Amino acid sequence: MMKKHCLLLIVVAFAASHFSCSGDKRISSSAAVSAPAPVLPVPTAAQLAWHEMETNAFIHFTTNTFTNKEWGYGDESPAVFNPTQLNAEQWVTTLKDAGFKGLILTCKHHDGFCLWPSKYTAHTIANSPYKNGKGDIVKEVSEACKLHGLKFGVYLSPWDRNRADYGTPAYIAYYRNQLKEIFSTYGPAFEMWFDGANGGDGYYGGAKESRKIDGSSYYDWPTTLKLVNQFQPQPQVLFFSDAGPDIRWVGNEKGLAGSINWSTINNDTLYAGKAGIEQLLSTGSADGDKWIPAEVDVSIRPGWFYHPQEDSLVKTPEQLFQIYLTSVGRGSTLLLNVPPDRRGLIHEKDVAALKGWRQLLDEAFKTNLAAHAKVSASTYRGHVKTYAGANVTDDDKETYWATDDGVTTGSLVIDMGKNQPVKYIALQEYIKLGQRVKSFTVEARQGNNWKPLAQESTIGYKRIIKLDQPVATDQIRINITASKACPLISSVAVY
Ligand code: FUL
């Protein structure tokens, strides 16, 4: 009976050639309709999984925490490193409760001090008072992550202001030995962070001078990345740097992805190191030939490391919420830094800010008013249910609304059934087959009129529109006004 009813609707919809049926999905003649071809480049499986993580935490911790610096000179004695109440479980559970899916730890920052007892240098935790030299914070944190289900990531600063051999080939061998040590002892890691800060003055084993390296050749990154891939073939490690190859810097440390944000970019334009590169990093390029999505790294405090004088400057839950909207809400992944204090704990102020942030997120996105809502599409691919509008409200990330090849515009009307206040609209493209949408608008039905709510550009993995004032409406219309190829929308949520 149900099938017949739906079939009838399909016939009507086909005749009217306009509206899709939301309901039973078992009937379709999809076999005759080909799936949309991918628009290259597309994300790898590891990049897709990374997009889905949405929020990760950064942990900056080293001798700087105790010397009150941001960039240690490299001559700090390991004796200053003495967290007396360090509790990796407190870090990880605090972060997990806040909703983070991964954690990236500064195993070594620019000062060269190692948070694990590396056998390749004496400038480590083994020569600190922490646990009488028997401590290993990389181990403690990676194990706490495993225990609580957070993915673990590694930051190992290429610039090392402690090493006498920095700037020579010997240092590259040292750096690679350390990568091998970390990946074979504490792995697997989901992301490896290669910082952009390089060269300049430092202690350098007592030389106390300024050293410049040629960033384009000194590190020979392709060889290093190949090595890391050998230490950890699976799951694949994603490499972050200004230019990728897997994840790019967003071009600022303010929590802002571009309001136009393509996960695609040409990396030769990045390596050229041209002026204005920050702008390009934040927007990506519509015609980019590589999938290198932007990561938004920003600190919960003004500095990356803990400073007691910044206890009153921890970002508020509202500020963190705004950062969520300008990062995750613009198709990027957020990497929020939460630096432990001198006790070795995440400070009470930061814990409170994270809790407040989580609460704001939970409240804002508690009830999806569009869940399983009826959807009418102006057109849909081959008029088969496989590509019908109802796919955007079915809570299945593997289904999507699509148009026919060559049709690069179209509309969806989401019928929520009754008038209710709307504050946020969240859209997602089916990026497995490439990022496509170049511009779209959002409207709300008000009586017989459609009230314009937003006019935006890219969607990508996710786009969240926040309205200044809630708007009471029963129907939301999404108009895709330009797309690189037929648009594929996997989700529309309304809150
Ligand atoms: C920068 C570094 O110089 C900062 O100290 C910090 O680690 C930040 C995440 O990246 O380039």
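Contact here means heavy atoms within 4.5 Å. This is a predicted model, in which local features need pLDDT of at least 70 and side-chain atom pairs count only at pLDDT 80 or more, while totals for chains, interfaces and linings use all residues. Residues are numbered from 1 along each chain as its sequence is written, and side-chain values use heavy atoms, with hydrogens and water left out.

**Two domains**
- The chain is assigned domain 1 (45-364) and domain 2 (374-494), with bounds from an automatic or database domain assignment.
- Their centres, taken over C-alpha atoms, are 36 Å apart.
- Domain 1 gives 19 residues to the contact, and domain 2 gives 18.

**Between the domains**
- The two domains bury about 1700 Å² between them, 59% of it on carbon and sulfur atoms. Buried area is the accessible area (1.4 Å probe) that two parts lose on being put together, summed over both.
- Two salt bridges are counted between domain 1 and domain 2. The term means a side-chain nitrogen of Lys or Arg within 4 Å of a carboxyl oxygen of Asp or Glu.
- Glu-54 and Lys-462 form a salt bridge through their side chains, at 2.9 Å from N to O.

**Around Asp-350**
- Asp-350 sits in helix α11 (residues 348-364). Helices are DSSP runs (H or I, at least four residues), numbered from the N terminus.
- Asp-350 counts as buried because its relative accessibility is 0%, and the cut-off for buried is under 20% relative accessible area (1.4 Å probe, protein chains only).
- Leaving out residues up to four places away in sequence, Asp-350 touches Ile-300, Arg-301, Val-314, Val-338 and Pro-339.

Terms used: Helix = DSSP H or I, 4+ residues; strand = E, 2+ residues; numbered from the N terminus. Buried < 20%, exposed > 50% of the residue type's maximum accessible area, 1.4 Å probe, protein only.
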